[in-house]
Amino acid sequence: MVDYLKHPETEITVALVGKYTQLHDAYISVVEALKHGGIFNRATVDIRWIDSETITADNIGELMADVSGILVPGGFGHPSRHPHYA
């Protein structure tokens, strides 16, 4: 595993789209999971942080250009839109 970490065979970029992308710690478990998944697959994972509130039909192509994957963690929206929240 250490060899995988020190000698990756490829590099990928994952777009992490969220509401709180300025607070990277809010997504620490997601980031660590991506990094560990990358190590296992002999890949360096670069994260492109994208604020979900800045995405428009006009800029989505530019924002998502050349990414290998898009991850949108749960927990979006106002609580009143989720009936399971009291």
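Visitor: How many helices and strands are there in the protein chain?

Guide: Welcome! The protein chain has three helices and three strands.

Visitor: Since the model is predicted, what does the pLDDT average for the protein chain?

Guide: The general idea comes before the number. Where pLDDT is low, the predicted coordinates should not be read in detail. Here the protein chain has an average pLDDT of 89, and 86% of the residues score at least 70. Confidence is highest in β2, at 97, and lowest in helix α1 (residues 2-6), at a mean of 91.

Visitor: Let us turn to the sheet. In what order do the three strands lie?

Guide: The order is β2-β1-β3, in an open sheet with parallel pairing. The edge strands, each pairing on one side only, are β2 and β3. From one strand to the next, the twist averages 30°.

Visitor: How many bridges join strand β1 to β2, and how many pair β1 with β3?

Guide: Strand β1 (residues 10-18) is joined to β2 by nine bridges, and the two run parallel. Between β1 and β3 there are three bridges, again in the parallel sense.

Visitor: Which residues could I look at to follow these pairings?

Guide: Begin with valine 14, which stands opposite isoleucine 47 in β2. For the pairing with β3, look at leucine 16, whose bridge partner is leucine 71. Alanine 15 has its bridge partner in β3 too, namely isoleucine 70.

Visitor: Where does helix α2 pack, and which strands does it touch?

Guide: Helix α2 packs on the sheet and touches β1, β2 and β3. Its direction makes about 155° with that of β2. Together, β1, α2 and β2 make a β-α-β unit, and this unit is right-handed.

Visitor: How many aromatic pairs does a search of the whole structure find?

Guide: The search finds one. In general, a pair of aromatic rings is described by the distance of the centres and the angle of the planes. Here the partners are tyrosine 27 and tryptophan 49, with 6.0 Å centre to centre and 55° between the planes, a tilted pair.

Visitor: Which parts does the pair tie together?

Guide: Tyrosine 27 lies in the loop between β1 and α2, while tryptophan 49 is in strand β2, so the pair ties together parts that are 22 residues apart in sequence.

Visitor: Are these two residues buried or exposed?

Guide: Tyrosine 27 counts as buried because its relative accessibility is 7%, under the 20% cut-off. Tryptophan 49 is partly exposed, with a relative accessible area of 25%. Over the protein chain, buried residues make up 23% of the 86 residues.

Visitor: Which residues does threonine 21 touch?

Guide: Threonine 21 lies in the loop between β1 and α2. Not counting residues up to four places away in sequence, threonine 21 touches Leu16, Tyr27, Trp49, Ile50 and Asp51. With a relative accessible area of 6%, threonine 21 is buried.

Visitor: Where do arginine 42 and aspartate 66 lie?

Guide: Arginine 42 is in the loop between α2 (28-40) and β2 (43-51). Aspartate 66 is in the loop between α3 (60-64) and β3 (69-71). Arginine 42 counts as buried at 19% relative accessibility, whereas aspartate 66 counts as exposed at 63%.

Visitor: And which residues is arginine 42 in contact with?

Guide: Leaving aside neighbours within four places in sequence, arginine 42 is in contact with Asp3, Tyr4, His7, Pro8, Glu9 and Thr10.

How values were computed. Residues are numbered from 1 along each chain as its sequence is written. This is a predicted model: local features need pLDDT of at least 70, side-chain atom pairs count only at pLDDT 80 or more; totals for chains, interfaces and linings use all residues. Side-chain values use heavy atoms; hydrogens and water are left out. Helices (H or I, at least four residues) and strands (E, at least two) are DSSP runs, numbered from the N terminus. Buried means under 20% relative accessible area, exposed over 50%, partly exposed in between (1.4 Å probe, protein chains only). Contact means heavy atoms within 4.5 Å. Two strands pair if DSSP finds at least two bridges between them. A crossover is right-handed if, with the strands pointing away from the viewer, the path from the first strand over the helix to the second runs clockwise. Axes are lines fitted to C-alpha atoms, for helices over the stretch in contact, and angles run from 0 to 180 degrees between N-to-C directions. pLDDT is the predictor's confidence in each residue, from 0 to 100. Rings of Phe, Tyr and Trp (its six-membered ring) pair if their centres lie within 6.5 Å; planes under 30 degrees apart count as stacked, over 60 as edge-to-face and the rest as tilted.
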